[in-house]
Amino acid sequence: MAEESDLEKTEPASQRRIDQAREEGDVPRSRELATCMILMTAGVGIWFLGDGLARALSRTLATGLTLEREHAFDPNLLLMRLGSQVWDLLIAFLPLAGLLVLVALASPLLIGGWLFSTKALMPNFGRMNPLSGLGNMVSKRAAVELFKAIAKTIVVGIVAWIVVSQKIDAVLALSVEPLKTGSAHLSDLLLTSFIAIAAALAFIALIDAPYQMWQYANKLKMTREEVRQESKESDGNPEIKAKIRQTQREMARRRMMSEVPTADVVVTNPTHYAVALKYSDGKMRAPTVVAKGADAVAAKIRELAAEHHVPMLESPPLARALYTHADIGDEIPETLYTAVAEVLAYVFQLKAYRAHGGVHPDAPGALDVPPQMDPLNPAAQAAKAAKREGGLQ
C-alpha cells in the first residue's frame, strides 16, 4: 500500500518542475479566453471607429469606380493610383489593427504569461506516431475539447437566436428605409449582434480559464518518490555537502589567518584561546576582532603573530570574554571597552618604545573584565544556568 501511495501523483508540482515545463514550452493556455478578448476588442473598436472606416471604404470604392483616361493608357499611373488607395485603407484600419495586435499580445498575460522556448520549436518525431495520434483522439482532453465545442455552439446559437428574435421587426423594416439610412441601420444591427454573440463567449472563457489552470496543475503533479528524488538532486549528497562545508571552513580560516599580520594585538589565554584585535583611529568606531580561535587555531594565530612581530598580551579573562561574545569582523562589546582600551594603550606605548627607545612600558595587570562576560566566572555560569532553566519552563 505504501508503494502504491508513493507512485500516485498526489503532491503539487515543485517550482523546479514548473520551471522545467516552461523551458519545454509547456504553460497553461486558454484559447477561449484569447478568442473572446480579440472578438470583444474588434467589436468595441468597430463601434468607436466604424464611422471613419466606413468613410474610408466609401472613398476607396468611389475612387476605384472612377477611371480617368490617362490612367487607362498608362500602367504606371494606374499602379500608383492603386497603391495610394491601398495605403489610404491601411492608414484607416491601422488603429483597429494595432488595437487587435496589442490585445493578442497581452492576452497570454492573463493565464500562463509570455513564453519563448526554443525547445518547443525542436522537431518531435514522437508526434508523428499514428498510435499516439489515435490515442490523443480518444483521450480525456479530446473529450473535453469536444464538449467545449458543443457548448460554444449551443451558447452562441441561443444568444444569436435571442438577439435576432428581438431585432426581427427592425430587420424587416430595412426593406422600406432609404438606402443610406437603411445601410447605417443595418450596420448598427450587425455590430450590436456581433458584440452580443462575442460576449456570450465570455461565459465559456470564464469556465475554460480556471479549468486550464486546474488541468495544468494536475498534469504536473508529482509522486512522493519524485519529490524525494528531486529533493536529493537539489540538496545534493550529504557527503558532498559535508565536504563543501569543510572546504568553506578552510577557506574562511585562511582568510582569517591572513588578517593576523595586520592586527594591533593578540590577546591570549595563554594556550587555549587567542583573539586578534585591530583598531584604526578615525576609521573604526571601536576595536574589531579580525581573528580568533581555540586550541590548534589559537596556536596558529600566536605563531603568525610572533612571526610578524604582532604584540601579544596574556589576559585569560579578556581572551575568554572576547572569544565568547564577539565574532570575526564584529566590534568588541561595549562592556569590554575599558579593558581593551588599556590593552591598546600598552600596545601603542610598546610600538613607540620599539621605534624610538626609552622606558619599556609595563604590561597591564588585572584588567577590568565584567564577571558576567567571562564564561568561566561563577556568576556568569549561574546566570547561564538560570536562563537555561527559565527557557525549559
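How much of the chain over residues 146–164 is helix and how much is strand, and how far apart are the end C-alpha atoms? Residues 146–164 are 100% helix and 0% strand, and their end C-alpha atoms are 27 Å apart. The views below are of a predicted model, in which local features need pLDDT of at least 70, side-chain atom pairs count only at pLDDT 80 or more, and totals for chains, interfaces and linings use all residues. Residues are numbered from 1 along each chain as its sequence is written, and side-chain values use heavy atoms, with hydrogens and water left out.

**Figure 1. The whole protein.**
The protein has 15 helices and six strands. Helices (H or I, at least four residues) and strands (E, at least two) are DSSP runs, numbered from the N terminus. Of the 393 residues in the protein, 27% are buried. Buried means under 20% relative accessible area, exposed means over 50%, and partly exposed lies in between, with a 1.4 Å probe and protein chains only. Contacts between residues at least 6 apart in sequence include 73% that join residues at least 24 apart; contact means heavy atoms within 4.5 Å.

An unreviewed UniProt entry lists residues 89–116, 146–164 and 184–207 under "transmembrane region". UniProt positions are given in the numbering used here, feature names are shortened, and annotations may be inferred rather than shown by experiment. Residues 184–207 are 100% helix and 0% strand, with end C-alpha atoms 36 Å apart. Ala196 is found in helix α9 (residues 179–219). At 24% relative accessibility, Ala196 is partly exposed. Its C-alpha atom is separated by 9.3 Å from that of Val156, 40 residues away along the chain. Ala196 is in contact with Val159 and Val163, leaving aside neighbours within four places in sequence.

**Figure 2. The packing of α3 and α5.**
Two packed helices are described by the angle between their axes and the distance between the axes. Helix α3 (residues 31–64) packs with helix α5 (residues 75–106) at an angle of about 175°, and the axes are 9 Å apart. This makes α3 roughly antiparallel to α5. Axes are lines fitted to C-alpha atoms, for helices over the stretch in contact, and angles run from 0 to 180 degrees between N-to-C directions. Angles under 35 degrees count as roughly parallel, over 145 as roughly antiparallel, 65 to 115 as roughly perpendicular and the rest as oblique. The contact of α3 with α5 has 17 nonpolar residues, six polar and one charged. Here Ala, Val, Leu, Ile, Met, Phe, Trp, Tyr, Cys and Pro count as nonpolar, Asp, Glu, Lys and Arg as charged, and the others, Gly among them, as polar.

**Figure 3. The largest nonpolar core.**
A nonpolar core is a set of buried Ala, Val, Leu, Ile, Met, Phe, Trp, Tyr and Cys residues joined through side-chain atoms within 4.5 Å. The largest has 23 residues, of which Leu277, Leu318, Leu322, Leu336 and Val369 touch the most other members. At least two residues of this core come from each of β3 (265–268), β4 (273–278), α13 (316–325) and α14 (337–356). The largest share, seven residues, is supplied by α14. A second, separate core of 15 residues includes Met256, Met257, Ala291 and Ala298. In α13, the buried residues are Leu318, Ala319, Arg320, Ala321 and Leu322. The buried residues of α13 pack against β3, β4 and α14.

**Figure 4. Val290 and its surroundings.**
Val290 lies in strand β5 (residues 288–294) and is buried, with a relative accessible area of 10%. Val290 and Ala276 are 14 residues apart in sequence, and their C-alpha atoms are 5.7 Å apart in space. Not counting residues up to four places away in sequence, Val290 touches Met256, Glu259, Ala263, Ala276, Leu277, Lys278 and Ile328.

Most residues other than glycine have a negative phi. Asp295, in the loop between β5 and α12 (296–307), has a positive phi of about 55° although it is not a glycine. His309, in the loop between α12 and β6 (312–314), has a positive phi near 60°. At 63% relative accessibility, His309 is exposed. Ser315, in the loop between β6 and α13, is buried, with a relative accessible area of 7%. Leaving aside neighbours within four places in sequence, Ser315 is in contact with Val267, Thr268 and Leu367.
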